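Here are my notes on the aromatic pairs and the nonpolar cores. Please read them with the model open.

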Amino acid sequence: MEDHTPSVSDKLSALREVVNVQIPATSARWEIFGTPEYKGGVPGPTDFTTLIAELQPADGAWFASQKETAGTSLIAPEAARPWLSDPFRRLLAEHKNTTADLSGLRDCRRYATTLKQSGSPVQGFVCGGGSRLLLYITLSSPQ
């Protein structure tokens, strides 16, 4: 039987095996979860799969060089993970279960990349906060 328990990882190398993360980072804490989130019993269908990571940037200039505004993103209802830093958890909780226009937020930028194994394009956003970065990527959706 498959293990449907979400697990948080601190392995930056494992994150880079899932998606092509081109952000220079020295460490990461990350998690992949489905929506609706599995909470025991018989697993139901998953509408969305989301990756959330909090990164320690290796180069502060990388984020400053990103100019494309974040645009709109669907924020999963479960996105405000308990292990996230307070500012990032509040941002995701404030916009949960909405298609949020993050363009007006000074410290959020659009982020597009590909899945490592399939090469399929995925996108989301990255936000800066103090000395950390929040990476939010929708890995799969019903569209």
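Are Trp-62 and Tyr-111 buried or exposed?

1. Trp-62 is buried, and Tyr-111 is too. Buried means under 20% relative accessible area, exposed over 50%, and partly exposed in between (1.4 Å probe, protein chains only).

2. This is a predicted model: local features need pLDDT of at least 70, side-chain atom pairs count only at pLDDT 80 or more, and totals for chains, interfaces and linings use all residues. Residues are numbered from 1 along each chain as its sequence is written, and side-chain values use heavy atoms, leaving out hydrogens and water.

3. Rings of Phe, Tyr and Trp (its six-membered ring) pair if their centres lie within 6.5 Å; planes under 30 degrees apart count as stacked, over 60 as edge-to-face and the rest as tilted. That rule gives two aromatic pairs. Trp-62 and Tyr-111 have ring centres 6.3 Å apart and planes at 65°, so they are edge-to-face. Trp-62 is in helix H2 and Tyr-111 in strand S5, so the pair ties together parts 49 residues apart in sequence. Helices (H or I, at least four residues) and strands (E, at least two) are DSSP runs, numbered from the N terminus.

4. Phe-125 and Tyr-136 have ring centres 4.9 Å apart and planes at 10°, so this pair is stacked. Phe-125 lies in strand S6 and Tyr-136 in strand S7, eleven residues apart. Both are buried.

5. A nonpolar core is a set of buried Ala, Val, Leu, Ile, Met, Phe, Trp, Tyr and Cys residues joined through side-chain atoms within 4.5 Å. The largest has 21 residues; Tyr-111 is among those with the most contacts inside it. S7 gives the most, with four residues.
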